[in-house]
Amino acid sequence: MEGLRALGVLLLSCLLLPGPAGSQPSPDRRLQTDPEESPAQHHAARPTREQKGGGTQEGLPPRPRCVRCCEPPEPRFSYPQYQPLPQINMTILKGEKGDRGERGMQGKFGKMGVAGSRGHAGPKGQKGSVGAPGERCKSHYAAFSVGRKKPLHSNDYYQTLIFDTEFVNLYDHFNMFTGKFYCYVPGIYYFSLNVHTWNQKETYLHIMRNGAEVVILYAQVSDRSIMQSQSVMLELREQDEVWVRLYKGERENAIFSDEYDTYITFSGHLIKYSGDP
C-alpha cells in the first residue's frame, strides 16, 4: 500500500506542472488519478473529460493529459537497511561477585622441587605452664647376704647348704629354711660364694639353678686350710631358684666354720630389671 500511495503522489505532481502557454491552470480534481481505480475506468472516463474540457476553452489546442494507462508496478521486496550495532567493551562490564563454588577434586602431585635454604630462627616462645606431676618412679630391688657358722661334711647324697645367719634379706626372697633364693623380680643377678677349706680334705661345691649345675667351687687336698671363692652373673626369670650344693660322699670333702666366726657366706643382688629399657 505504501508503494501505491507514493505512485499517486508522483502522478499528482505531474498534473500540477505548467502548460505550454505559460499559464497555470487550477488543478482539476476530476483529472486526478485515483490509485485504487482500474485502468479500464480511466479509459472510459477520458472522452467525457476531454469533451468537457473542449467546451470551456474553444480555439485552444488540447492540453496534454497525464493519465495512468497501466497497472501500478508490483511492490518489490527490499532488504532492510543495514544498521551497524554499537560495539560494547565487555571488559569494562563487571557484575556482582557470585557465590563461591564447590571445591574441586585434588589434582596429581607435582614433582618435588629443590629444597630451599634454611630460614632464620624465630623468636623464643613463651614459657609453658607447669604440667601435672607424673607417677612415682617404680624401682625394682632384690638382694640377700647370708652366712653359716657350722662346718659341713659330705655323706652318701647331695646336700643343700643351709645358712643360719642372715645379713641382708630384702623382701625375704631368700628362704632360710630351704637355703634357696627365689626370683620374684626377673632380670640379671650377681651371685658370690665364699668358703673356708678343711685341711687334708677336698672342697667340692656347685652353685645350682633350677636343679642344674652352673659353676663349681673346688679346692684340692692340702695341709693348710684356705679361703676359696666363686662368683657368677645369671639372667633369671620369675620363680627361678638358686642355691649351693655340697657334692656327695664319693670323695671326702668338707667346708670349715665355727660358732665364733662366719667363714661361709652366700650373697646375690639384682643388677638390671628385665623390664627396663
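I call a residue buried under 20% relative accessible area, exposed over 50%, and partly exposed in between (1.4 Å probe, protein chains only). By that rule lysine 201 is buried, with a relative accessible area of 15%.

Ground rules. This is a predicted model, where local features need pLDDT of at least 70, side-chain atom pairs count only at pLDDT 80 or more, and totals for chains, interfaces and linings use all residues. Residues are numbered from 1 along each chain as its sequence is written, and side-chain values use heavy atoms, with hydrogens and water left out.

Whole chain. I noted two helices and 13 strands. Helices (H or I, at least four residues) and strands (E, at least two) are DSSP runs, numbered from the N terminus. The chain has 277 residues, and 24% of them count as buried. I take contact to mean heavy atoms within 4.5 Å. Among contacts between residues at least 6 apart in sequence, 71% join residues at least 24 apart. The accessible surface is about 22,100 Å², and carbon and sulfur atoms hold 52% of it. Accessible areas come from the Shrake-Rupley method with a 1.4 Å probe; for residues, only the protein chains shown count as cover.

Lysine 201. Where does lysine 201 lie? I found lysine 201 in the loop between β7 (187–197) and β8 (203–209). Its side chain makes a polar contact with the side chain of histidine 153, at 3.0 Å. A polar contact is a pair of N or O atoms within 3.5 Å; within protein, one must be able to donate a hydrogen and the other to accept it, and residues adjacent in sequence count only if both atoms are side-chain atoms. Leaving aside neighbours within four places in sequence, lysine 201 also touches residues including Gln220 and Val221.

Salt bridges. The cut-off is a side-chain nitrogen of Lys or Arg within 4 Å of a carboxyl oxygen of Asp or Glu. How many salt bridges does the structure hold? I counted three.
- Glutamate 252 pairs with lysine 201, with the closest N and O atoms 3.7 Å apart. Both partners lie in loops, glutamate 252 between β11 and β12 (254–256) and lysine 201 between β7 and β8, so the pair ties together parts that are 51 residues apart in sequence. Glutamate 252 is exposed at 55%.
- Arginine 245 meets glutamate 213 at 2.5 Å, N to O. Arginine 245 is buried at 12%, while glutamate 213 is partly exposed at 45%.
- Glutamate 241 meets lysine 180 at 3.5 Å, N to O.

Strand β8. Why do I call β8 largely enclosed by the rest of the structure? Six of its seven residues are buried. Two strands pair if DSSP finds at least two bridges between them. β8 pairs with β9 (residues 212–219) in the antiparallel sense over seven bridges. They form a hairpin with two residues between them, and asparagine 210 in the turn has a positive phi of about 50°. β8 also pairs antiparallel with β11 (residues 241–246), over five bridges. Leucine 205 stands opposite leucine 246 there.

Asparagine 194. This residue lies in β7 and is partly exposed at 27%. Its C-alpha atom is 5.3 Å from that of threonine 265, 71 residues apart along the chain.
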